[in-house]
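Take a moment with the sequence and the 3D view before reading on. Turn the view slowly and try to follow each chain from one end to the other.

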Amino acid sequence: MKVAVFWGCKILTAQYAYEMSVRQVFPHFDIELMDLKGASCCGGPVRSINTSAAMYLSARNLALSSQTGLSDLLVPCNECHFMLSEAKYRIDNDEQMHKKIQEQLREEGLKYSSSVKIWHVIDLLHDLVKLDAVKAMVKKPLEGLKFAVHPGCQIIRPSEIGRVDSAERPRKLDALVEALGAETLDYSEKLDCCGAALLYSHEDAALSLAGSKLKAVQGYDVDGFVDTCPYCHIMYDARQKEAAATVGGKFSLSVFYYTQLLGLALGIKQEKLGLHLNQSLDSEKFKVK
Amino acid sequence: MSLTDLMTMAKSNKELQEKILSQLWEVHPDECFQCMRCTSGCTSLKLLELKPHEITLLVNAGFIEELASSDIIWTCASCLKCRERCPQKASPYNTIMALRNLAVEREAKIPEKYMKAVAQILENGLMQQMQTVTSREMQPFSREKLGLPKLQYPDGKFKTVFMKVLGG
């Protein structure tokens, strides 16, 4: 099966470990990824400035996706996934907006089509590939390890536009981690936001939100923390020390992208999964370089 | 008849209120009955004192100019809990975004990182430039060194169209 992929900006310009691990794991499930040519920002940061311009950007990327002739689009970033899903929901249900967007796209020679199905890493694996197929591919089970998972905000809300998992009780990421042989944790801070969107205006508050969650998770005695969004990952991994400082603590919590853990369980070489780029990883515990 | 806030003598503004409401689609602040589910779950309540139900209340009372020039609209973390949990489809999140748009239009002071991101998108389509990252061992890694494919940026036509769309 061939799937188009829209990476967004953060993954392509800085969060390389996510890109590397996504590119590595999907071929194991007979899913071939095809990058979009000329893709732009999803409109996430533009939304605060001009909501219609943000919607245009999302629609533009959806149009590029339908241009490939493929009917499935993988969007691994939570924010991009929300922006594109919301734009699709609006354009498909609001005739006036549909007309306006088509006119704007025509200037670039593009056309929006409602036939594209938007996937995230989590539902593509959980609902399409299915847990049994994931389990069947595991060569090195992550036995004896316990993880706290962080599904993030924007792939589970708002449910009216169709999201990846339950808005209040998401379990798919847990199930995917468990499929690798590890345990997961139910914890009361699971739905807490990473704060990344506040980096634009209130950096200290953003770090403090990340810090509070990490502090709670550290207290639960887990081996690691799993996320699936480049924004969340920046907060919990690269900025973990700064986040810790805001809540007056010192953390040593190893943070992984789910696709990195999956890659390890599939027996893919560490360097191909970008594990050396995770700033928070406890190299000795996980026997990585 | 317009309302007057006796603390500040600010007057409500029907015209701007209609402007905000016209930008919302399937979102109905006027149906809010102040149950405060939004505020009780708000990510930014504790740290930044954002109270989404108050934003909705002020929009309904017509104090739009005051909101558009206030810092409070820039404290939303976009976690979407208020939008999900609102029993009346009032979605304070969407109202806050419309207020931010108005603040930009009125040239109010806004966090500069947003403008930087837009400027960068105009330059090459992406919100930030490609970075060289460092590993845990402090070794530099570029996309190329990691074996990742070359980026395929949008062509020049994109900028022209996006400029036009931004300008409305």
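What follows is a walk through the two chains and the contact between them. Keep in mind that this is a predicted model.

Start with chain A. Its secondary structure comes to 11 helices and eight strands. How far does the chain reach? Its C-alpha atoms fill a box of roughly 55 × 45 × 30 Å, taken along the principal axes. Next, compare its spread with a simple expectation. For 289 residues, a compact globule would have a radius of gyration near 19 Å. Chain A has 19 Å, so the value agrees with that of a compact globule.

Two further numbers describe the inside of chain A. Of its 289 residues, 59% count as buried. Now take the contacts in chain A with a separation of 6 or more. Residues 24 or more positions apart account for 77% of them.

Now find a sheet in chain A. It is an open sheet of four strands, with parallel pairing. In what order do the strands lie? The order is S2-S1-S3-S4. The edges are strand S2 (32-35) and strand S4 (117-119) of chain A, and each of these pairs on one side only. From one strand to the next, the twist averages 35°.

Zoom in on one pair in this sheet. Strand S1 of chain A covers residues 2-5. S1 and S2(A) pair in the parallel sense over four bridges. One position to look for is A:Val3, which stands opposite A:Leu33 in S2(A).

Stay in chain A and pick out a single residue, A:Pro230. It lies in helix H9 of chain A, which covers residues 230-238. Is A:Pro230 buried or exposed? The count of neighbours decides. A residue is buried if 20 or more other C-beta atoms lie within 10 Å of its own. A:Pro230 has 27 other C-beta atoms within 10 Å, so it is buried.

Which residues does A:Pro230 touch? Leaving out residues up to four places away in sequence, they are A:Lys10, A:Ile11, A:Gln15, A:Tyr18 and A:Cys77. A:Pro230 and A:Asp165 are 65 residues apart in sequence. In space they are 18 Å apart, C-alpha to C-alpha.

Move on to chain B. It has nine helices and two strands. From the N terminus on, its elements run α-α-α-α-α-α-α-α-β-β-α. The radius of gyration of chain B is 20 Å, well over the 15 Å that the globule rule gives for 168 residues, so chain B is more spread out than a compact globule. Along its principal axes, the C-alpha trace of chain B spans about 65 × 35 × 30 Å.

The domain assignment of chain B gives domain 1 (14-105) and domain 2 (112-166). Their centres, taken over C-alpha atoms, are separated by 31 Å. Of the 168 residues of chain B, 37% count as buried. Among contacts in chain B with a separation of 6 or more, residues 24 or more positions apart account for 66%.

Last, look at where the chains meet.

Conventions:
Residues numbered from 1 in each chain as written. Chains lettered and ligands numbered in written order. Predicted model: local features only at pLDDT ≥ 70, side-chain atom pairs only at ≥ 80, totals over all residues. Domains from an automatic or database assignment. Pairing = 2+ DSSP bridges. Axes fitted to C-alpha atoms, helices over the stretch in contact; angles between N-to-C directions. Rg over C-alpha atoms; globule rule 2.2 N^0.38 Å. Buried ≥ 20, exposed ≤ 12 C-beta atoms within 10 Å, placed from the backbone. Contact = placed C-beta atoms within 7 Å.
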